[in-house]
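The following exercises are to be worked through with the sequence and the coordinates at hand. Each task is followed by a solution in steps.

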Amino acid sequence: MNIIKIGSCDWALPGAGLYATQIAAKVGLEALSLKIGLYENDYPLTQPEMQKIYLSEQQKYGIDYCAIALNDFDNIPMHARKGTKDYEIVWDLLKRSVATAKTLGVQIIQVPGFAASEVKSHEDLEHSARALQYLCDAAGENGISVASENLMTPKQFYELKELVNRENFSLYFDSQNYQLFRGYNEIDILEGLYPAMCNQIHVKDGSGAMSGGLLGTGDSNFQETIDWLKKSNFSGYILLENYYDQLPLRTQAASPYELLKEDIRILKESLNK
């Protein structure tokens, strides 16, 4: 395995992102993926005042902002049809996300394809691809890549990738989602999609619950995933996405910060085996 930076999703840290940069620095993390926020809050991370705070925190604590997640696509369908309110929201968010990523110096815009944005028909696929094409083109002008996190099989993802047809488009891999929500073997996904993956992944674990257990204690074969990545010389960011102050995980220690520190220890140990 080559150069690895260990970080976290800001929404996974205690406080769901509040003071995430300080928390990350205090526990020895190197990077953060930042959520862009919700439409009902006018997408806080897109606001210049908020961006100044994040940049100041970054300068103070030395944390990489490696990705921006368009988390509201869990609630608003990226494949919304023209003429709907959701369509106007989607395309406004796409434009604002590029400006935000540029200002914060982020490498990747991460686009979730779950819940409201899950592709369930060929028409959904075509509309999603159109939105991703726009995002790739606008982001690419600023040297930024776009990565889709989803539950697609390799065949399904390559169909999407062919429709998007942009060099700066890739897959954002997660170490538990495929097994938990689809019953897929995570290694099968890696073997099928590794050439199409970006240099960032999410790691979490649990048995029958998302982020339900510390890394290596669930049924997602976490160590096998890490071993496969090591064998394949993965380089980049490994980002924790266990939800340390949420149920059911938070019952496993007196403090969510204890759980966070333990996950960091487990991840480092797994990388050095």
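**Exercise 1: The start of helix 9**

Identify the side-chain contact made at the start of helix 9.

Solution. In this predicted model, a side-chain oxygen of Ser255 comes to within 3.0 Å of the backbone nitrogen of Tyr257, at the start of helix 9.

**Exercise 2: Span and faces of helix 9**

Compare the span of helix 9 with the expected one, and determine how its buried residues are arranged about the axis.

Solution. 
1. Helix 9 comprises 17 residues, 256-272. From first to last C-alpha it reaches 25 Å, close to the 24 Å expected at 1.5 Å a residue.
2. The buried residues of the helix are Leu259, Leu260, Asp263, Ile264, Ile266, Leu267, Ser270 and Leu271.
3. Viewed down the axis of helix 9, these buried residues fall within an arc of 165 degrees, so they line one face of the helix.
4. An α-helix has 3.6 residues a turn, so residues three or four places apart point the same way.
5. Lys261 and Asn272, on the other side of helix 9, are exposed.
6. The cover over the buried residues of helix 9 includes strand 1 (4-9), helix 1 (20-26), helix 8 (222-231) and strand 8 (236-240).

**Exercise 3: A loop glycine**

Solution. 
1. Gly206 lies in the loop between strand 7 (197-203) and helix 8.
2. Leu94 is 112 residues from Gly206 along the chain, and their C-alpha atoms are separated by 32 Å.

Conventions:
Residues numbered from 1 in each chain as written. Predicted model: local features only at pLDDT ≥ 70, side-chain atom pairs only at ≥ 80, totals over all residues. Heavy atoms only, no water. Helix = DSSP H or I, 4+ residues; strand = E, 2+ residues; numbered from the N terminus. Expected span 1.5 Å × (residues − 1). Buried < 20%, exposed > 50% of the residue type's maximum accessible area, 1.4 Å probe, protein only. Arc of directions from axis to C-beta. Contact = heavy atoms within 4.5 Å. Polar contact = N/O pair within 3.5 Å; in protein donor to acceptor, adjacent residues only side chain to side chain.
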